[in-house]
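Please find below a colleague's note on the structure under review. It is set out as numbered points, to be read beside the sequence and the model.

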Amino acid sequence: MTVLCFGIARDIVGQSKLTIDREGINSVEGLRHFLIETFPKFKEYTSFRIAVNQAFASEKDEVTNSDEIAIIPPVSGG
Amino acid sequence: MEDNKLNIKLTNDPLNLSECYRFVVEPSCGGINAFVGTVRQWNKGEEITHLDFESYEPMAIAELEKIAKKAKDQFNTQKICIHHRLGKVAITEIAVIITVSCKHRKAAFQACEFIIDQLKKDVPIWKKEFLSNGSYWVNARP
């Protein structure tokens, strides 16, 4: 599973494309837990939403390896 | 929305207000409203040297299209143009331009405000502020 990282999420993860090779992550919620556990700085620095296929996803949404997944930290355009 | 009614652009080049104005000119409209967001020198008492914008481009465009569609449905806009700058942007330079044309002025004002408010809430664009002694992602502090 590949996860795109932007803004502060990229700084926390240390790369713009994170590859996760792990069984059992099949929902947005599961992915969020994995990310917070793996990168505890998320807790300290920022909240984030998760996008699946270029749209905001809700916690119960499914994720599969073929989806385009992205971590969306608080936006600040304009 | 049809292509000739909506113009969205994310670009590393300087933005052009007259281009955004010209796009929304429309014979049926008596009101055109423009919002121009510029880079200010001071934020919360700290002096900014410049900003750097990045975006998740395909999703940013998809979100802007959704916002424009809502604005059209809610305020009966005729044409909408949204241009956002990316990359390094200097003090006083333009970060964003929104222009909207409507039959009457009130709807144009409201639609323009609605679009910039939604953009700031939901469009995946991030701003990094650079100060003389460091830099940080805006809104990322908990």
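1. Basis. The model is predicted; local features are given only at pLDDT of at least 70 and side-chain atom pairs only at pLDDT 80 or more, whereas totals for chains, interfaces and linings use all residues. Residues are numbered from 1 along each chain as its sequence is written, and chains are lettered from A and ligands numbered from 1 in the order in which they are written.

2. Make-up of chain B. Chain B contains three helices and nine strands; helices (H or I, at least four residues) and strands (E, at least two) are DSSP runs, numbered from the N terminus. Starting at the N terminus, the order of elements in chain B is β-α-β-β-β-α-β-β-β-α-β-β.

3. Overall dimensions of chain B. Along the principal axes, the C-alpha atoms of chain B fill a box of roughly 50 × 25 × 25 Å.

4. An open sheet of mixed pairing is formed by four strands of chain B in the order β1-β5-β7-β2; two strands pair if DSSP finds at least two bridges between them. At the edges stand β1 (6–11) and β2 (31–38) of chain B, each with a single partner strand, so one side of each has no neighbour in the sheet. β1(B) runs parallel to β5 (residues 79–85) of chain B, and six bridges join the two. Within this pairing, B:Thr11 has B:Arg85 in β5(B) as its bridge partner.

5. The sheet of chain A. Five strands of chain A, in the order β2-β1-β5-β3-β4, form an open sheet with mixed pairing. Its edges are β2 (17–19) and β4 (55–56) of chain A; each has a single partner strand, so one side of each is left without a neighbour in the sheet. Four bridges pair β3(A) with β5(A) in the antiparallel sense, and A:Ala51 has A:Ala70 as its bridge partner in β5(A).

6. Helix α2 of chain A. In helix α2 (residues 28–38) of chain A, the buried residues are A:Val28, A:Leu31 and A:Leu35. These buried residues line one face of α2(A), because they fall within an arc of 60° seen down its axis; the arc is that of the directions from the helix axis to the C-beta atoms. A:His33 and A:Glu37 are exposed on the other side of α2(A).

7. Contact between the chains. How many residues of chain A are in contact with chain B? There are 17, in contact with 24 residues of chain B; two residues are in contact if their C-beta atoms, placed from the backbone, lie within 7 Å. On the side of chain A that touches chain B, α1 (7–13) and β5 of chain A are the elements that give two or more residues.

How values were computed:
A residue is buried if 20 or more other C-beta atoms lie within 10 Å of its own, exposed if 12 or fewer, and partly exposed in between; C-beta atoms are placed from the backbone.
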